[in-house]
Amino acid sequence: MKHKPDFIDREIGRRLRVARISADIRQYRAAKLVGVTYQQMRKYEVGNNRVSAVIVARLAQLYRRPVGWFLEEVTLREEEVNADIHTAPITRADCH
């Protein structure tokens with residue numbers, strides 16, 4: 001089943017691109033250093049493909065950003081919350 005990109009995928013991709021540009025690293029170099037193709041890195045950055053936690057962690061280290069920066073305050077839009085409650089972020093209140 002093919003994954004349909006959503007707001008979170010696009011936002012994480014946007015942040016990956018911002019961090020890469022801020023670190024002054026070219027896309028093909030970042031891809032090579034974390035073990036993916038240039039095309040895959042491009043898909044991550046535009047939000048067409050969902051990026052794994054392992055790749056985010058590697059890129060965070062490469063870009064010298066905390067892993068959490070890529071996910072901080074990423075929220076779903078109202079229609080996405082109503083469409084599928086299972087995609088909503090887990091909050092601290094959910095863990096008690």
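The structure is a predicted model, in which local features need pLDDT of at least 70 and side-chain atom pairs count only at pLDDT 80 or more, whereas totals for chains, interfaces and linings use all residues. Residues are numbered from 1 along each chain as its sequence is written, and side-chain values use heavy atoms, with hydrogens and water left out.

The secondary structure comprises five helices and zero strands, and along the sequence the chain follows the pattern α-α-α-α-α; helices (H or I, at least four residues) and strands (E, at least two) are DSSP runs, numbered from the N terminus. Of the 96 residues in the chain, 31% are buried, where buried means under 20% relative accessible area, exposed over 50%, and partly exposed in between (1.4 Å probe, protein chains only). Among the contacts in the chain with a separation of 6 or more, 60% are accounted for by residues 24 or more positions apart, a contact being defined by heavy atoms within 4.5 Å.

Helix H2 (27-34) has Gln27, Ala30, Ala31 and Val34 as buried residues. These cover an arc of only 100° around the axis, which puts them on the same side of H2; the arc is that of the directions from the helix axis to the C-beta atoms. The buried residues of H2 pack against H1, H3 and H4, while Tyr28 and Lys32, on the other side of H2, are exposed. H2 is followed by Gly35, whose phi is positive and near 85°.

In helix H3 (38-46), the buried residues are Met41, Tyr44 and Glu45. They cover an arc of only 95° around the axis, which puts them on the same side of H3.

For helix H4 (53-63), burial is found at Ile55, Val56, Leu59, Ala60 and Tyr63. Seen down the axis of H4, these buried residues fall within an arc of 135°, so they line one face of the helix. What covers the buried residues of H4 includes H1, H2 and H3, whereas Ala53 and Gln61 are exposed on the other side of H4.

Two packed helices are described by the angle between their axes and the distance between the axes. The axes of H1 and H3 come within 5 Å and cross at roughly 115°, where axes are lines fitted to C-alpha atoms, for helices over the stretch in contact, and angles run from 0 to 180 degrees between N-to-C directions. This contact is made by Asp9, Arg10, Gly13, Arg14, Leu16, Arg17 and Arg20 of H1 together with Tyr44, Glu45 and Val46 of H3. By residue class, the contact of H1 with H3 divides into three nonpolar, one polar and six charged residues; Ala, Val, Leu, Ile, Met, Phe, Trp, Tyr, Cys and Pro count as nonpolar, Asp, Glu, Lys and Arg as charged, and the others, Gly among them, as polar.

Arg20, which lies in helix H1, is buried, with a relative accessible area of 8%. Leaving aside its neighbours within four places in sequence, Arg20 is in contact with Ile25, Arg26, Gln27, Ala30, Glu45 and Tyr63. In the segment before H1, Asp6 counts as buried at 18% relative accessibility. A polar atom of the Asp6 side chain lies 3.1 Å from the backbone nitrogen of Ile8, and the C-alpha atoms of Asp6 and Gly47 are 7.7 Å apart in space although the two residues are 41 apart in sequence.

Most residues other than glycine have a negative phi. Asp24, in the loop between helix H1 (7-22) and helix H2, has a positive phi of about 60° although it is not a glycine, and at 72% relative accessibility Asp24 counts as exposed. Arg64, in the loop between helix H4 and helix H5 (78-83), likewise has a positive phi near 60°, and at 77% relative accessibility Arg64 counts as exposed.

Definitions and conventions:
Polar contact = N/O pair within 3.5 Å; in protein donor to acceptor, adjacent residues only side chain to side chain.
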